[in-house]
Amino acid sequence: MSAVDELLVQARRELGHRVGPREAAAIQETGGLLVDIRYAELRERDGTIPGALIVERNELEWRLDPTGDHRAPEATHHDLPVVVICNEGYASSLAALSLRHLGLPHATDLTGGFQAWRAAGLAVKGG
């Protein structure tokens, strides 16, 4: 197993429960935040999830830290449920764990990423 594969296994073990598309939609409906970390080319090609916050991976921690000067207005408190979404559900696991380490205990990621969301027939804008 490669080092990055091992890191992914450890991250998912530490995250515990990850959410599927319908659970992610329910979290959004009850005030949680979906955070799309895919790069622009993928968003342009495949579309976006209506209402999801777009934050490319390299800015994630700065934009989601409720105590930071560069936080997104949506990053209102540490107890905010956050679901991180990448394209297929790999990078999002590492990103969600990073948010947990930042003090966001309810951060998790979408199993299967944006592709699983779309395959579930949930709303997509553009693409």
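1. A term first: a residue counts as buried when its relative accessible area is under 20%. By that cut-off Asp 109, at 0% relative accessibility, is buried. Please keep in mind that this is a predicted model.

2. What does Asp 109 pair with? Its side chain meets that of Arg 18 in a salt bridge, with N and O 2.7 Å apart. Arg 18 is buried too, at a relative accessible area of 16%. Arg 18 sits in the loop between helix 1 (3–15) and helix 2 (21–29), while Asp 109 belongs to strand 4 (residues 107–109), so the pair ties together parts that are 91 residues apart in sequence.

3. The whole structure holds 6 salt bridges. Among them, Asp 46 and Arg 45 meet through their side chains at 2.8 Å, N to O. Asp 46 is buried, with 6% relative accessibility. A network of salt bridges links Arg 45, Asp 46 and Arg 118.

4. Glu 61 and Arg 57 form another salt bridge, with 3.0 Å between the closest N and O atoms. Here Glu 61 is buried at 17%, whereas Arg 57 is partly exposed at 31%.

5. Do look at Arg 38 as well, in the loop between strand 1 (33–36) and helix 3 (40–46). Arg 38 is buried, with a relative accessible area of 3%. A polar atom of the Arg 38 side chain lies 2.7 Å from the backbone oxygen of Gly 47. Residues that Arg 38 touches include Asp 46, Glu 56, Cys 86 and Phe 114.

How values were computed
Residues numbered from 1 in each chain as written. Predicted model: local features only at pLDDT ≥ 70, side-chain atom pairs only at ≥ 80, totals over all residues. Heavy atoms only, no water. Helix = DSSP H or I, 4+ residues; strand = E, 2+ residues; numbered from the N terminus. Buried < 20%, exposed > 50% of the residue type's maximum accessible area, 1.4 Å probe, protein only. Polar contact = N/O pair within 3.5 Å; in protein donor to acceptor, adjacent residues only side chain to side chain. Contact = heavy atoms within 4.5 Å. Salt bridge = Lys/Arg side-chain N within 4 Å of Asp/Glu carboxyl O. Lists of a residue's contacts leave out its neighbours within four places in sequence.
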